[in-house]
Amino acid sequence: MKPTPGDIFAVFTPRLGAYTAVQVTALNLEGKTEQASVLALDWVGSTLPDAEAVAAMAPATFNFFFWKEHRDHLWVSAEVPRGYTLVGNRPPLVVEKVNSYGGWPSGHQHYSQRRWEAIPKDKRDVFKALAAHPDNQVALKLGERELSLSTGRLHTEEFVAAPRLSVFDALPMVTAIDCTVPIPGLFDFLRERPFIYEARIAKHGEPIVDLRGSNLSRLRLDVTGVREVHLNVELEELQLTGTTSPELMIHAEADGRWLTLSMERLTTDWSGLAALDGLHVSPAQELDVAAIVPRFPKLTELRVWGAPGYLRNAGRLAGLPSLTELTLSDMFGISAEEFPGPEVLPQLGRLWLTSIPADLAASVKKAYKAMAREGLDLSVRQPRKAEWLAENLDNPFRTWDGVENITPAQAKKAAALYRQARSAALEAASEHTGSPSDLMSALTPIVTAYTQGFNKLDARSSFIFTEEREHIYVALMGICDAVDERLKSEGGASAAPLDRDAITSAMDSIRDF
């Protein structure tokens with residue numbers, strides 16, 4: 001269903017336990033992609049709004065963290081998603097140029113604003129003053145390291161250099177930390193800093209991690225050797241790294257009802273998070289739905305990106321009746337016959353399938369066509385035949401095949417450049433094991449040829465931008481991983497790893513993209 005400019009819709013926002021509202025301010029139905037500009041409104045209510053409430057609605061403004069009276073007004077798909085109820089129509093409340101793109105506002109910004117306003121006002125005022133006028137004045141010196149008042153992220157080096165954690169009180173705008181060594185009092189430090197909403201913590205050495213009282217939204221945590229984790233109430237995204245133990249117990253608000261968990265290799269033999277809301281697995285090589293369903297039966301979102309990978313027992317997805325979002329990319333081993341139809345996933349609002357078996361792609365398009373007309377966000381792209389998978393199992397540029405701005409010839413050449421560089425690098429590693437300097441001398445022309453190959457490709461027709469540049473770099477680091485493995489296998493565990501900074505510098509010195 002497509003809306004009419006002026007239409008006002010209400011949607012239930014679970015995190016608030018209430019309804020919020022949006023207005024469609026314009027439509028653009030020209031070109032391949034039909035879009036609507038949608039504005040978040042200031043109304044929040046326990047039931048759907050009546051005519052009086054609709055008449056009183058105004059644009060919502062948000063000012064949490066770095067936003068300054070920001071309106072959530074953006075271009076989205078013109079198809080009204082499932083769950084949005086038409087409650088009225090008024091002349092558009094805002095007529096302005098819209099430059100942002102995204103999905104239909106879900107009300108989550110209202111929740112974020114409430115969290116911000118729960119922080120003491122005097123602290124917020126200091127933060128806002130510095131955000132409006134960034135100050136590069138040195139506020140803290142730790143040896144040769146100088147940190148300004150506007151410092152936003154603390155790293156391992158700063159924590160190691162600090163004589164005590166209270167010295168960071170001089171930095172009122174820190175919102176994120178990265179720490180990969182044991183630091184006494186680190187978790188207490190997080191509780192005392194209400195503006196820190198992101199933390200990446202590894203090798204901390206604590207058997208019990210207690211984050212209650214902190215204000216984190218995103219956490220990446222190494223759980224190697226950890227027996228118990230107590231998460232803070234507001235946490236939304238948890239990424240587990242390291243090795244999970246069967247003894248591990250994770251405590252979370254409502255047993256994970258509002259939490260999204262990310263893991264590179266899914267393990268389920270630990271305890272807690274039985275009501276988990278979202279699960280992301282990437283890069284997946286082998287994933288069994290039969291292990292997911294009994295462990296996390298209340299999932300509303302499941303995202304799996306393959307390496308590429310194989311999804312086993314896909315028919316068991318029918319055991320997740322609350323599923324509203326399902327995303328699979330580069331996942332195979334799924335037959336068209338076993339994939340659940342729309343009748344067994346009645347709550348589904350988004351189904352995105354990319355780089356999947358060709359017969360499955362055709363089947364899903366047909367089966368879910370009617371559901372898409374009713375508001376399902378359906379995207380089925382890059383169907384793959386068995387021959388493609390056989391040719392691309394070791395190809396880090398496989399995602400380029402079928403992308404709109406990349407030609408088949410460019411995708412094929414990228415794969416060839418990778419394979420040539422990998423083969424030559426492994427041969428060099430075998431010839432120069434035990435001599436790091438000779439190995440670097442042998443690898444430099446290989447990296448040069450790899451980089452110049454992409455220079456030539458991009459010079460013919462510019463297509464390498466931020467995302468493609470990252471793919472090229474990650475593929476090169478994958479070659480370095482393979483070389484390090486070869487060095488260990490032939491020179492023993494004590495073999496010196498590659499100097500990756502030198503490899504990166506060799507690439508950066510000649511790349512034109």
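The model is predicted, so local features need pLDDT of at least 70 and side-chain atom pairs count only at pLDDT 80 or more, while totals for chains, interfaces and linings use all residues. Residues are numbered from 1 along each chain as its sequence is written, and side-chain values use heavy atoms, with hydrogens and water left out.

Let's start at strand E9, residues 176–179 (strands are DSSP runs of E with at least two residues, helices runs of H or I with at least four, numbered from the N terminus). Side chains in a regular strand alternate between the two faces of the sheet. In E9 both faces are covered: Ala 176 and Asp 178 on one side, Ile 177 and Cys 179 on the other, are all buried (under 20% relative accessible area with a 1.4 Å probe, protein chains only).

E9 has parallel partners: strand E8 (residues 153–154) over two bridges, and strand E10 (residues 198–201) over four (pairing takes at least two DSSP bridges). Ala 176 is the bridge partner of Arg 153 and also stands opposite Glu 198 in E10. From E9 the chain passes through helix H5 (residues 186–191) to E10 in a right-handed β-α-β crossover, meaning the path runs clockwise with the strands pointing away from the viewer.

Now for the second largest pocket. Its lining counts 37 residues, and the closest to its centre are Gly 306, Asp 330, Arg 398, Thr 399 and His 471.

Technical notes
1 Å grid on protein atoms, 1.4 Å probe; cavity = no way out; pocket = protein on both sides within 12 Å on 5 of 7 lines; lining within 4 Å. Buried < 20%, exposed > 50% of the residue type's maximum accessible area, 1.4 Å probe, protein only.
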